[in-house]
Amino acid sequence: MEGIADFEKFAAERRAWLEQRMARVEPLRTTRNDQRTVSENLLHLHLPEKFISLPVAVVGEHGDAGWLKAVRVYHSLWPLFGEHRVRPAILKADPERHLSGAVADYQRALAVGDVDAIVNTFESDGYFREPAGGEYVFQGPDRLREFMSQILSAGGITLEHCTVTDDGIACAIEFNAVAFGQQPLVPQAGVAVYERGATGRLYGARVYDDVNVEAYSGNK
């Protein structure tokens, strides 16, 4: 959506929806550079039949004089509806974006489905958190290897990198998921945050998207 009128209507509708569910925001981490700010949060919601804590990432693109020129919100719909829904790409790939160190190593290993290489990018106590959050956290080499082996059983995941926001500790990448193994995907938007640990390897990898990786890998 674009323009003040559309934004005000959207904001009013979202506020009403959140108030009905007694929403509470728990801030987690903020990653910022000169171009944008990526805010990670848990959104606590009271639904008719359950209480959920939904991981949500909000990306704010910086404009002139401290104003925001764009806001993008990423989260999974699985905790809300029990199903995934395709979120079309909202940004174009930027092949000039540069990654280095463990973040770059992880992206290369993910693209080819190299489980051992992925696990080796993490600290010994590092973890991966799925978009649904909650119990879907896999910490330590054994849990990481088990999870990645299941998810990548059909091959690697190809991501187009659109933006990179790096503050030296964490690196947030907005992406389009475009292939799973040999299967092309309708480009699906997401953002992932990779937090470095003491040795420079990854302490945490947190993903915000709605890509149904279980279905594509054959596990659901």
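I take two strands as paired if DSSP finds at least two bridges between them. The model I am looking at is predicted.

Entry 1, strands 7 and 8. I looked up how strand 7 and strand 8 (residues 170-180) are joined, and found nine bridges, with the two strands running antiparallel.

I then traced the whole sheet and found six strands in the order 6-5-10-9-8-7, open and with mixed pairing. At the edges I noted strand 6 (137-139) and strand 7 (157-166), each of which pairs on one side only. From one strand to the next I get an average twist of 20 degrees.

I followed helix 3 (residues 101-112) across strand 5 (122-129), strand 7, strand 8, strand 9 (183-196) and strand 10 (202-208). Against strand 7, helix 3 runs at about 165 degrees. I also looked at helix 5 (residues 141-151), which packs on the sheet and touches strand 5, strand 6, strand 7 and strand 8. The direction of helix 5 makes about 45 degrees with that of strand 5.

I located P55 in strand 3 (residues 51-62). Is P55 buried or exposed? I count P55 as buried because its relative accessibility is 0%, and the cut-off for buried is under 20%. Setting aside neighbours within four places in sequence, I list contacts of P55 with N41, L42, Y74, H75, R129, P131, A132, G133 and Y208. I also recorded the C-alpha to C-alpha distance from P55 to S76, 7.8 Å, for a separation of 21 residues in sequence.

Note on methods: Residues numbered from 1 in each chain as written. Predicted model: local features only at pLDDT ≥ 70, side-chain atom pairs only at ≥ 80, totals over all residues. Heavy atoms only, no water. Helix = DSSP H or I, 4+ residues; strand = E, 2+ residues; numbered from the N terminus. Axes fitted to C-alpha atoms, helices over the stretch in contact; angles between N-to-C directions. Contact = heavy atoms within 4.5 Å. Buried < 20%, exposed > 50% of the residue type's maximum accessible area, 1.4 Å probe, protein only.
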